[in-house]
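Reader: I would like to go through this model term by term. Please set each value against its cut-off.

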Amino acid sequence: MKKLFIAEKPSVAQQFADALKVKGARKDGYIEDENYIVTWCVGHLVAMSYPDAYDENLKRWSMDTIPFIPDTYKYEVIPAVSKQFNIVKNLLRRDDVETIYVCTDSGREGEYIYRLVDNLAEVPDTKDKRRVWIDSQTEEEILRGIKEAKPLSEYDNLSCAAYLRAKEDYLMGINFSRALTLKYSYPIKQYLGVDKCVVAVGRVMTCVLGMIVKREREIREFVSTPFYRVIGKINDGMFDAEWKAVEGSRYYGSPKLYKENGFKERKDAEELIDYLSEEKLIEMVIESISKKTEKKNPPMLYNLAELQNDCSRKFKISPSETLSIVQELYEKKLVTYPRTDARVLSTAIAKEIDKNIRGLCNYQPLAGYAQNIINQGGYKGIAKSKYVNDKLITDHYAIIPTGQGLGQLSKLSAIQSKVYDIVVRRFLSIFYPPAEYKKISLILKCRTEQFNASFKLLSKPGYLMIADPKIYNKVENDSTKAKNDEEPGDKDSEGQGEIVATEDVMEYVSGLKKGMKLPCSGFDIKEGKTNPPKHYTSGSMILAMENAGQLIEDEELREQIKGSGIGTSATRDSIITKLVNNKYINLNKKTQVLTPTFLGEIIYDVVLYSINGLLRADLTASWEFGLSGVADGSITEEEYMTKLREYVEKYTNAVKSVRNQNQMHFVFDKTKPFYSKNTK
């Protein structure tokens with residue numbers, strides 16, 4: 001009797017064959033020797049059937065045939081890959097195959113890919129089916145996964161969640177798209193002067209479109225507000241101090257203020273300067289001085305969303321490109337499983353993490369850092385750190401380098417090498433100490449008015465030496481002269497911020513004491529203005545999708561669906577791609593900035609005044625929360641399907657009930673989130 005291994009794609013199947021030392025020749029669609037058969041899917045081999053497979057009359061879009069919600073769902077082989085499906089089907093049903101090892105990607109989508117094949121191929125339940133769950137493609141991890149493979153039935157809840165996710169997207173896509181197209185395509189076509197228009201909507205896609213349109217309109221409607229800050233030049237300009245209206249100030253609580261550190265009108269800032277300059281000798285008295293050391297810890301490890309965001313920002317590549325690259329690195333055994341939401345390690349991997357680090361001693365750009373971690377034993381206490389937490393891991397731990405497969409590095413493209421390098425740097429940095437800054441804050445008094453000045457100096461670079469050389473070099477370069485430490489964001493509205501001090505300035509300030517008088521050589525007015533929100537980039541949108549729960553205003557609800565985002569790590573990039581392909585949004589390839597098209601804004605308005613729940617982050621995130629509940633067994637399939645059916649029926653019929661095509665102000669979705677403690 002033989003053991004059959006089925007992977008998600010040919011390259012992964014070859015990795016399993018190599019690990020198992022399968023000696024047989026590669027045949028048409030599989031590899032076989034006297035003990036093992038290794039075969040593969042090519043992504044999805046099976047898909048859900050379109051409505052016309054149920055009834056030919058459903059091919060024509062009509063209000064009379066929606067809502068369409070079948071009692072039993074039909075599936076069919078995708079024509080382009082039917083040959084491979086038949087090969088896999090015959091192998092799965094062979095009499096000499098006793099045990100089937102499911103080796104598709106270890107996640108909801110990978111589970112769905114195999115279950116569809118198993119169902120349509122009618123594989124007998126008498127066969128021993130086992131699930132291989134691995135975190136990397138290294139030989140060691142593959143053999144461990146095979147040895148510890150659990151019965152496939154233990155993943156039935158995950159499979160159920162996968163089926164429900166597909167049904168949800170199917171029912172909403174078909175019913176809502178048909179309803180809105182039939183109702184509103186005619187006025188849209190007339191307005192745009194086009195021959196054809198389909199109003200394509202979806203559970204995740206439309207919510208993301210809504211986020212992009214709303215951000216664009218916030219930017220478009222933003223009115224910049226000017227303001228004026230007063231800056232004192234201390235000790236012949238050695239450093240600056242910023243005025244602030246506090247209790248006791250002539251301007252405390254004044255309507256002339258913009259916040260507490262600026263004026264709405266320049267003339268009021270000039271009036272303050274005139275008041276402060278009445279004395280011939282202008283001095284500032286130190287009212288208080290505080291000194292402390294601030295530590296900055298290494299960031300958490302990469303999950304897919306964080307990696308996609310960084311690659312968008314650093315390398316100007318799209319989330320789809322990033323996923324493609326890191327997937328290839330995974331298949332080359334260089335990194336662990338990429339489609340993960342976790343940013344921590346598991347306790348089990350932490351116990352053996354020195355193996356990864358030792359392997360990186362052969363990665364030339366960072367070999368010295370890796371060797372230093374080994375020599376100093378810097379990895380030994382990692383299990384007790386915040387970087388290891390089993391409770392924060394669902395399917396897989398964070399993306400880290402395996403320390404293996406380094407022979408493949410020479411074959412990588414330039415961008416692949418860059419992505420691998422930042423993964424290695426993020427990983428090794430957690431074994432280094434925090435960066436340390438000396439910080440000094442002064443409160444100065446000039447007549448009745450208060451001025452503030454804060455300084456910092458990098459004293460110990462710690463992990464910055466390795467995490468990102470550009471950051472470290474920037475810190476060193478900034479330290480050659482006193483200047484404002486500008487971070488991303490609206491610094492003008494917040495004030496001057498901390499001064500990145502030189503050694504000389506920090507030494508001078510360190511010698512100051514409370515009560516000392518410092519000469520002031522005069523005052524400047526710094527004009528600023530409020531800035532509009534920033535456009536989403538492809539990377540920041542991925543993060544916004546992951547953290548959609550944070551967009552929910554209700555605090556209790558936000559806590560209930562904490563950790564639930566819009567879409568999954570495996571699908572978020574494809575949502576952006578689909579919106580671009582539908583011409584609902586534009587993606588600037590050079591900057592990765594996302595903006596809505598005119599058509600996209602029209603679609604947004606149609607949905608806003610019809611099924612506006614599709615635009616709500618809380619509702620969309622709560623569906624994902626519900627699917628997670630199905631996967632962990634806390635929510636039943638029947639319960640989820642009942643809520644889904646009711647939702648689709650209600651809002652499809654609501655669109656149908658509108659009599660006038662141009663009447664869009666007819667129904668607002670006041671539905672509570674799909675799943676929360678109060679709706680279960």
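Reader: In which helix does Ser177 lie?

Author: Ser177 lies in helix H5. Helices are DSSP runs of H or I with at least four residues, strands are runs of E with at least two, and both are numbered from the N terminus. The model is predicted: local features need pLDDT of at least 70, side-chain atom pairs count only at pLDDT 80 or more, and totals for chains, interfaces and linings use all residues. Residues are numbered from 1 along each chain as its sequence is written, and side-chain values use heavy atoms, with hydrogens and water left out.

Reader: Why is Ser177 called buried?

Author: Its relative accessible area is 8%. Buried means under 20%, exposed over 50%, partly exposed in between, with a 1.4 Å probe and protein chains only. So Ser177 counts as buried.

Reader: What does Ser177 touch, beyond residues up to four places away in sequence?

Author: Ser177 touches Trp61, Met172, Val199, Ala200 and Val201. A contact means heavy atoms within 4.5 Å. As for Gly378, its C-alpha atom is separated from that of Ser177 by 56 Å. The two residues are 201 apart along the chain.

Reader: What makes Glu168 and Arg203 a salt bridge?

Author: Their N to O distance is 2.9 Å. A salt bridge needs a side-chain nitrogen of Lys or Arg within 4 Å of a carboxyl oxygen of Asp or Glu. The pair therefore qualifies.

Reader: Why does this pair tie together parts that are 35 residues apart in sequence?

Author: Glu168 lies in helix H5 (residues 156-192), and Arg203 in the loop between H5 and helix H6 (205-221), so the pair joins those two parts. Glu168 is buried at 0% relative accessible area. Arg203 is buried too, at 3%.

Reader: Which residues are linked with them in a network of salt bridges?

Author: The network holds Arg108, Glu109, Arg165, Glu168, Asp169, Arg203 and Glu624. A search of the whole structure finds 45 salt bridges.

Reader: How do you know that Glu32 and Lys27 form a salt bridge?

Author: Their closest N and O atoms are 3.7 Å apart. That is within the limit, so the pair counts. Glu32 is buried, with a relative accessible area of 11%. Lys27 is partly exposed, at 40%.

Reader: Where do Arg426 and Asp310 lie?

Author: Arg426 is in helix H13 (residues 414-429) and Asp310 in helix H8 (residues 304-315). They are 116 residues apart, and the pair links distant parts of the chain. Their side chains meet in a salt bridge at 3.3 Å, N to O. Both residues are buried.

Reader: Why is Lys129 called buried?

Author: The relative accessible area of Lys129 is 12%, under the cut-off, so the label applies. Lys129 lies in strand S8 (residues 128-131). Beyond residues up to four places away in sequence, it touches several others, including Ile100, Tyr114, Asp118 and Leu152.

Reader: What is the phi of Lys21?

Author: Phi of Lys21 is near 60 degrees, a positive value in a residue other than glycine. Most residues other than glycine have a negative phi, and most peptide bonds are trans. Lys21 is found in the loop between helix H1 (10-19) and strand S2 (26-27). Its relative accessible area is 48%, so it is partly exposed.

Reader: Where does Lys316 lie?

Author: Lys316 is in the loop between H8 and helix H9 (319-331). Its phi is positive as well, near 55 degrees. At 38% relative accessible area, Lys316 is partly exposed.

Reader: Which peptide bond is cis, with omega near 5 degrees?

Author: The bond from Ile66 to Pro67. Pro67 is found in the loop between strand S5 (46-48) and strand S6 (75-77).

Reader: What is the mean pLDDT of the chain?

Author: The mean is 90, and 90% of the residues reach 70 or more. pLDDT is the predictor's confidence in each residue, from 0 to 100. It stays under 50 over residues 474-494, a stretch with 39 contacts beyond four places in sequence. Over residues 663-670 the pLDDT is also below 50. Where pLDDT is low, the predicted coordinates should not be read in detail.
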